[in-house]
Amino acid sequence: ATATPKADKENPDTWTKYTSGSCNTCRATCCSMPIEIRWEDLVKLNFVTDDDLGKPLKSVVSRLKKENVITAYRSESGLFAFKQTSAGKCRYLKGNRCGIYKTRPLVCREFPIRMGWRHGYCPKTPIK
């Protein structure tokens with residue numbers, strides 16, 4: 001018998017087909033992938049307000065970097081690279097579960113069905 005190859009979050013070809021129960025037995029591997037969020041997500045998470053829209057974007061980006069909320073802003077896409085913990089995971093991950101599930105960013109809501117490197121597949125790492 002051959003072992004099932006382990007999913008590599010960096011290699012979408014190794015990912016498994018996503019099903020509605022996939023998250024129940026996973027170590028939240030997707031929460032250790034780079035997360036790019038929108039302005040609307042920053043508002044929903046209370047890192048910025050709509051009033052910040054009137055300020056120069058450069059100063060808002062600088063403030064968010066100093067506050068360790070983001071690591072970068074990509075003007076081409078309008079997305080912010082969300083700062084991860086020193087362990088390389090999402091700051092809101094609590095025991096393999098999302099601590100902000102109801103207000104999580106769009107990329108998290110739509111992964112892996114409409115967002116991600118391979119739609120319909122995920123880098124599931126089973127809980128042992």
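Is alanine 28 buried or exposed, and what is its relative accessible area? I looked this up before anything else in the predicted model, and alanine 28 turns out to be buried, with a relative accessible area of 10% (buried means under 20% relative accessible area, exposed over 50%, and partly exposed in between, with a 1.4 Å probe and protein chains only).

**Entry 1, ground rules.** I note that this is a predicted model, in which local features need pLDDT of at least 70 and side-chain atom pairs count only at pLDDT 80 or more, while totals for chains, interfaces and linings use all residues. Residues are numbered from 1 along each chain as its sequence is written, and side-chain values use heavy atoms, with hydrogens and water left out.

I counted three helices and seven strands in the protein chain, where helices (H or I, at least four residues) and strands (E, at least two) are DSSP runs numbered from the N terminus. Their order along the sequence is β-β-α-α-β-β-β-β-α-β. The C-alpha trace spans about 60 × 30 × 25 Å along its principal axes, and buried residues make up 31% of the 128 residues. For contacts (heavy atoms within 4.5 Å) with a separation of 6 or more, I find that 56% come from residues 24 or more positions apart.

I traced an open sheet of three strands in the order 2-4-3, with antiparallel pairing; two strands pair if DSSP finds at least two bridges between them. Strand 2 and strand 3 stand at the edges with a single partner strand each, so one side of each is left without a neighbour in the sheet. Strand 3 (residues 70-74) is joined to strand 4 (residues 79-82) by four bridges, and tyrosine 73 stands opposite phenylalanine 80 there. Between strand 2 and strand 4 I find two bridges, with glutamate 36 opposite alanine 81. The hairpin of strand 3 and strand 4 has four residues between the strands, and glycine 78 in this hairpin takes a positive phi near 75 degrees.

I returned to alanine 28, which lies in the loop between strand 1 and strand 2 and has a positive phi of about 60 degrees although it is not a glycine. Asparagine 46, found in the loop between helix 1 and helix 2, also has a positive phi, near 65 degrees, in a residue other than glycine. Whereas alanine 28 is buried, asparagine 46 counts as exposed at 68% relative accessibility. I also looked at the peptide bond from phenylalanine 111 to proline 112, which is cis with omega near 0 degrees; proline 112 is found in the loop between helix 3 and strand 7 (121-122).

Aspartate 52 is found in the loop between helix 1 (39-44) and helix 2 (57-66), is buried at a relative accessible area of 7%, and has a side chain joined to that of lysine 55 by a polar contact of 2.9 Å. A polar contact is a pair of N or O atoms within 3.5 Å; within protein, one must be able to donate a hydrogen and the other to accept it, and residues adjacent in sequence count only if both atoms are side-chain atoms.

Serine 32, in the loop between strand 1 (16-17) and strand 2 (36-37), is buried too, with a relative accessible area of 13%. I see its side chain reach the backbone oxygen of threonine 29 at 2.8 Å, and, with residues up to four places away in sequence left out, serine 32 touches Lys9, Gln84, Gly88 and Lys89.

How much space lies in the largest pocket? I read about 940 Å³, a volume being the space filled by probe spheres set on grid points that are joined across faces, edges and corners. Of the 40 residues that line this pocket, the closest to its centre are Cys30, Cys31, Val107, Cys108 and Phe111. On a 1 Å grid over the protein atoms alone, where a 1.4 Å probe fits, a pocket is an open set with protein on both sides within 12 Å along at least five of seven lines, and lining residues have an atom within 4 Å of a point. Helix 3 gives the largest share of the lining, four residues.
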